[in-house]
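This report is for a reader who is meeting the structure for the first time. Please look over the sequence and the model before reading on.

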Amino acid sequence: MIRNIIFDWSGTLVDDLPGVWKATNHVLEQAGAPILSLDEFRAEFELPFTNFYDRHVPDISLDQLEKWFHGYFSQVSGDVLALPHALEFLEFCKSKKIRCFILSTVNSDYFATQAANAKMEGYFEETFLGIWDKRKKINEILDDHNLTREETLYVGDMQHDVDTAHHGGVYSAALLTGYNTLEQLGESNPSIITTNLAVLQKVLLENDMTLPESTKPHRPIPTVGALIYNPLGQVLMIRTEKWSGKWGIPGGKIEYGESSTSALQREIAEETGLNVSEIEFVLSQDSIESEEFHRPEHFVLLNYTCRTVGETDVTLNEEAQEYRWVTEEEALQLDLNLPTQVLLQAVLSREHTTSDA
């Protein structure tokens, strides 16, 4: 049974998306960078927001960016109003004696103004504001307030909110009322995705204040990846922001009804444009909430070797930022993610054992 709810603020209870979008474009203009359409902003913006600015205006100091942002947003913060169904949902929580909290990046001054305008004062046991990376705060909140994880729901509108819930080991409800799209939220595997708070209220009532069986806690994700060899005996290394900018191997999730080798061929084709054969299994690894990966996940990594068939020209998709064909020894000198280090060492060990025999 859900007895505690931790809410995000922006895009979850109040609609500040238009103001934040305009203020962000003001920052980009001041920095001489291209401005973004609303759809582009929703696709690009993320938390912690420093990642967003590092991509778009890497040479501008955070202090300057904040001055530009707050100089504009302070003029429109008072116009932010409650999202539809938000007040009714808070009243519903009050009637059910649900303990309610706020965990948000919003500035405390903006929150006070917006909460007063939205008539949301007095609904929250405690508020945690100005938190850039909510994952670093969630467990402290749960422990300090004796919140049972199996009875706690985090409600938000962004991938970072879902990641925060995973990090705290609580349920997550992703709303389509704010910053992220359905596709973006689905990638984070929330417990449930709902159109708005009215739908979430209906789901809770219909299930006696629990979530449906289909929203069981997050499960490990089976994936495939491979060291790909070209005719020169070089291996393909790709660098991705998903793995903290470290070098690794192509791969991805296995889809339902798909064999692991078919998944490997598909993922390699999608990510690199290469066709491969001579696929050989090497080892499996667990990657459980790796600090190198950009969000908390439990991956079961099935690792292979394979060889290119035909053309060896690499065409990267949007998931990777750079690639190199290198020798195995050169690969070891790169800043590799840990699973790739383990795989490469296993392959080299196997080669040495074979040559000794």
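The model is predicted.

**Helices α1 and α4**

Two packed helices are described by the angle between their axes and the distance between the axes. Helix α1 covers residues 17-30 and helix α4 covers residues 62-76. Their axes come within 9 Å and cross at roughly 140°. The crossing of α1 past α4 is right-handed.

Which residues of α1 and α4 meet? On the α1 side they are G19, V20, K22, A23, T24, H26, V27 and Q30. On the α4 side they are L65, W68, F69, Y72, F73 and V76. Sorted by class, this contact has 9 nonpolar, 4 polar and 1 charged residues.

**Strand β7**

β7 pairs with β6 in the parallel sense, over 4 bridges. In this pairing, the bridge partner of G156 is A174 in β7.

**Salt bridges**

Side chains of opposite charge can pair when their charged atoms come close. The structure holds 19 salt bridges.

| Salt bridge | N to O distance |
|---|---|
| E151 and R3 | 3.2 Å |
| E241 and R239 | 3.2 Å |
| R266 and E258 | 2.7 Å |

E151 and R3 meet through their side chains. E151 lies in the loop between α7 and β6, and R3 lies in the segment before β1 (4-7), so the pair ties together parts that are 148 residues apart in sequence. E151 is partly exposed, with a relative accessible area of 24%. R3 also counts as partly exposed, at 43% relative accessibility.

Are E241 and R239 buried or exposed, or partly exposed? E241 counts as partly exposed, at 48% relative accessibility. R239 has a relative accessibility of 18% and counts as buried, because buried means under 20%.

R266 is the partner of E258. R266 counts as buried, with 18% relative accessibility. Both residues belong to a network of salt bridges that links E255, E258, R266, E267 and E270.

**Two loop residues with positive phi**

N146 lies in the loop between α7 (138-144) and β6 (152-156). The phi of N146 is near 55°, which is a positive value in a residue other than glycine. N146 counts as exposed, at 64% relative accessibility.

Where is D208 found? D208 is in the loop between α10 (197-206) and β9 (221-229). D208 has a positive phi of about 55°, although it is not a glycine. D208 is exposed as well, with a relative accessible area of 60%.

**Summary**

N146 is exposed, and so is D208.

Methods. Residues are numbered from 1 along each chain as its sequence is written. This is a predicted model: local features need pLDDT of at least 70, side-chain atom pairs count only at pLDDT 80 or more; totals for chains, interfaces and linings use all residues. Side-chain values use heavy atoms; hydrogens and water are left out. Buried means under 20% relative accessible area, exposed over 50%, partly exposed in between (1.4 Å probe, protein chains only). A salt bridge is a side-chain nitrogen of Lys or Arg within 4 Å of a carboxyl oxygen of Asp or Glu. Axes are lines fitted to C-alpha atoms, for helices over the stretch in contact, and angles run from 0 to 180 degrees between N-to-C directions. A crossing is left-handed if the near helix is turned anticlockwise from the far one by less than a right angle, and right-handed if clockwise. Contact means heavy atoms within 4.5 Å. Ala, Val, Leu, Ile, Met, Phe, Trp, Tyr, Cys and Pro count as nonpolar, Asp, Glu, Lys and Arg as charged, and the others, Gly among them, as polar. Two strands pair if DSSP finds at least two bridges between them.
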